[in-house]
Every structure is written in structure tokens, then in C-alpha cells.
Amino acid sequence: MKITPTIRKKVHSLQQRKGKVYHLSHNDLDGLSPIALSLEAFPNVEYKAVGNHEVDKEVIVLLEKMQEDDLLILTDISPSAKVAETIEVAVIAKLDVLMFDHHLSAIELNNYDWAEVAVMANQRFACGTSLYADFLMKIGVLSHLSMQSLEQFVENVRSWDTWDWKREGNVEPQRLNNLFYLIGFSAYLELVRHMIKQKRFVFTKEFELLLKIEEKRIYHYLRERNRYAQEIKVDGKHVAVVICEQYHSEVGHFIAETRDYLDYVVLINLTKGTLSFRSKDDKLPVVDIAKRFGGGGHPHAAGCAITDENIQQYVKPALNTLNLIA
Ligand SMILES: [Mn+2]
């Protein structure tokens with residue numbers, strides 16, 4: 001994001017409590033982490049973390065609520081082409097919006113001045129948090145934090161979200177994500193805001209114990225989900241489908257690794273009404289399938305809402321686990 005005098009002026013007036021920051025972000029680790037940074041950078045922040053299919057609706061609500069002094073920040077998510085056009089109209093009519101995303105499916109939004117979509121930055125995979133942190137640091141609103149701790153934190157999130165941790169054999173990012181799931185949104189925000197003010201980004205003994213227990217539980221959950229995964233054929237592709245209400249990235253990865261012959265894996269979250277598609281780097285890009293159902297994401301990690309069409313294709317076969325239980 002190019003830091004223009006207009007952006008500088010806006011940030012300065014927001015820091016003087018003139019106007020409000022509305023921060024809409026993704027509801028995962030890479031979505032919550034930018035919110036923690038906003039809460040440190042600005043005195044008046046209203047935030048919401050949502051799933052990909054809720055972005056359009058929420059953006060419209062916020063644009064209607066916003067006043068000229070306010071700023072809308074989007075991180076790790078992007079609106080549809082249609083709602084992006086609605087944002088552009090609002091921006092021309094004097095509302096301020098900034099968006100930071102790293103999903104390839106949003107790359108065309110770079111045509112708008114208010115959007116920065118980068119899959120890579122500084123010769124590495126980028127994430128929503130790293131792009132937003134770079135912006136906030138450049139503009140100088142995080143100088144009260146410990147730079148060493150902040151960098152460690154952002155790198156953990158980046159490494160987690162891009163799977164670099166797996167390639168580099170670093171377990172710290174995974175542990176941060178485990179803790180996030182364990183303690184929930186608000187406790188995570190509180191913890192992160194505390195930790196980025198410490199000299200280094202390290203967990204207390206209590207959190208270490210919690211993590212140890214959770215790691216054991218995840219170990220069993222992955223194996224259990226793999227056991228329940230049903231293999232089906234969809235359009236000639238070999239697919240595994242399974243109901244999965246938590247740790248869907250890990251479950252998807254685990255099943256794809258264990259059953260190397262699969263083209264892709266579908267994780268079904270019935271509570272949230274979503275499908276997550278996962279495939280290994282050398283396999284079919286699943287983002288095209290997600291897009292067909294109105295979703296989006298990365299080439300090998302994508303998602304969409306459950307619809308009448310995909311319920312027949314993916315959800316029904318996953319419920320057919322009686323043969324396993326018997
Ligand atoms: Mn992300």
C-alpha cells in the first residue's frame with residue numbers, strides 16, 4: 001500500500017479520536033491478528049470477524065453506517081467484484097477504505113487504489129497480518145510495541161497461514177493457532193496485545209500446559225476424522241469427504257498426506273454451514289471448485305457455503321458412516 005499524504009492525515013486524525021475505525025476481518029488466526037494490531041494502533045475501533053461468505057453483506061452494512069471521519073479496514077478477506085464496485089463508488093463519494101489481502105482469487109482488486117492484494121512480499125509468502133503490520137509499521141503507529149516481539153508474532157502468523165511452518169519444520173506457529181482455538185477470539189486478542197508489549201513473544205507456563213493437553217487431543221481428533229472420511233468420485237476425481245467442526249486445515253492436510261492418491265479433501269462444517277476444500281500442492285487446484293459454488297480462496301485451500309447443489313455432491317456421502325460405526 002502506497003502511503004499517501006491523505007492516508008497519513010487520516011491515520012493522524014483517527015489517532016486523535018476524530019472518527020472511528022471499522023475493522024472487518026476473517027475469522028481465523030490470520031484474520032484475528034490484524035484486529036489485535038488495530039486495537040493497538042487506534043483508540044476507537046469497532047471490529048468484526050466473519051467467514052468469507054459473509055463479507056459482502058457486512059461491507060454493505062458498514063458502508064451505510066460510516067461517516068466521513070471513519071475508516072473501513074478489511075484484512076484477510078475480500079468482497080465480490082460487485083461489492084468492490086460499491087466500495088469504489090463510496091470511496092469516490094468521500095468514504096475511506098483500506099483492504100489488505102493475500103488471496104490469489106482477489107488479485108484483480110489491485111485495480112482499486114484502496115486495495116492491496118499480494119500473495120508474495122519481501123520474497124516470501126505474505127498473509128493478511130504481515131501485509132497489514134507492514135503498513136502500520138511504515139506509518140509509525142506501532143512504535144510503542146516491542147519490535148522483536150511484534151516481528152516474532154507476525155512471522156508466526158505468516159508462517160502458519162502460508163504453511164511455511166510445515167516446509168520449514170517450525171512448530172511455534174501451529175502452537176499459536178492451537179492456543180487461538182483453545183481460548184477463543186477475545187482472550188486471544190487480549191493475550192496477543194499483552195505479548196507484543198513484552199520483550200519476546202513467549203507463552204507463560206500455564207499456557208504451555210494448556211497447549212500440551214490440547215496437542216494430545218488434536219492428535220486423536222486427526223486420526224478419528226481420517227477414520228470417518230468417506231471416499232467418493234466427483235467428476236472423475238477421487239475425493240474424501242468428512243464432517244469436521246474444528247482444525248479443518250490440519251484435518252485436511254492430514255487426510256491428504258495419509259491418502260496420497262486423493263485428488264482433494266472436503267471438510268464439512270455443519271455448524272457454520274461451510275465446505276473447505278484442500279489439496280496437496282502438486283494436485284488439483286481446488287479454488288475453481290469453491291468458486292463454482294460462490295466461494296474462493298487459495299489454489300490448494302478454498303471454501304464456500306453449503307448449497308442445495310453441493311449438499312448432494314459432498315455432504316450426503318459424508319453422512320454415510322454407518323458402515324464404520326457398525
Ligand atoms: Mn490468510
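1. Let's start with asparagine 27 and what surrounds it. Setting aside neighbours within four places in sequence, asparagine 27 is in contact with Leu32, Ala49, Val50, Gly51, Phe180, Phe185 and Lys272 (contact means heavy atoms within 4.5 Å). Asparagine 27 sits in the loop between S1 and H2 and is buried, at a relative accessible area of 19% (buried is under 20%, exposed over 50% and partly exposed in between, with a 1.4 Å probe and protein chains only).

2. A word on what you're looking at: this is a predicted model, where local features need pLDDT of at least 70, side-chain atom pairs count only at pLDDT 80 or more, and totals for chains, interfaces and linings use all residues. Residues are numbered from 1 along each chain as its sequence is written, and side-chain values use heavy atoms, with hydrogens and water left out.

3. Now the sheet. Five parallel strands make an open sheet, ordered S2-S1-S3-S4-S5; strands (E, at least two residues) and helices (H or I, at least four) are DSSP runs numbered from the N terminus, and two strands pair if DSSP finds at least two bridges between them. Strands S2 (45-50) and S5 (115-117) are at the edges with a single partner strand each, so one side of each has no neighbour in the sheet. From one strand to the next, the twist averages 10° (axes are lines fitted to C-alpha atoms, for helices over the stretch in contact, with angles from 0 to 180 degrees between N-to-C directions).

4. S1 is mostly covered, with six of its six residues buried. Histidine 23 has tyrosine 47 as its bridge partner in S2, and stands opposite isoleucine 73 in S3.

5. Helix H2 (residues 29-41) lies across S1 (21-26), S2 and S3 (71-75), at about 160° to S1.

6. On to the metal. Asp30 (OD), Asp76 (OD), His102 (NE2) and Asp161 (OD) coordinate the manganese ion at 2.1 to 2.3 Å (donors are N, O and S atoms within 2.8 Å of the metal, or 3.2 Å for Na, K and Ca; water is not among the atoms, so sites may look incomplete). Aspartate 30 belongs to helix H2 and aspartate 76 to the loop between S3 and helix H4 (81-92), so the pair ties together parts 46 residues apart in sequence. Aspartate 30 is buried, at 0% relative accessibility, and aspartate 76 is buried too, with a relative accessible area of 1%.
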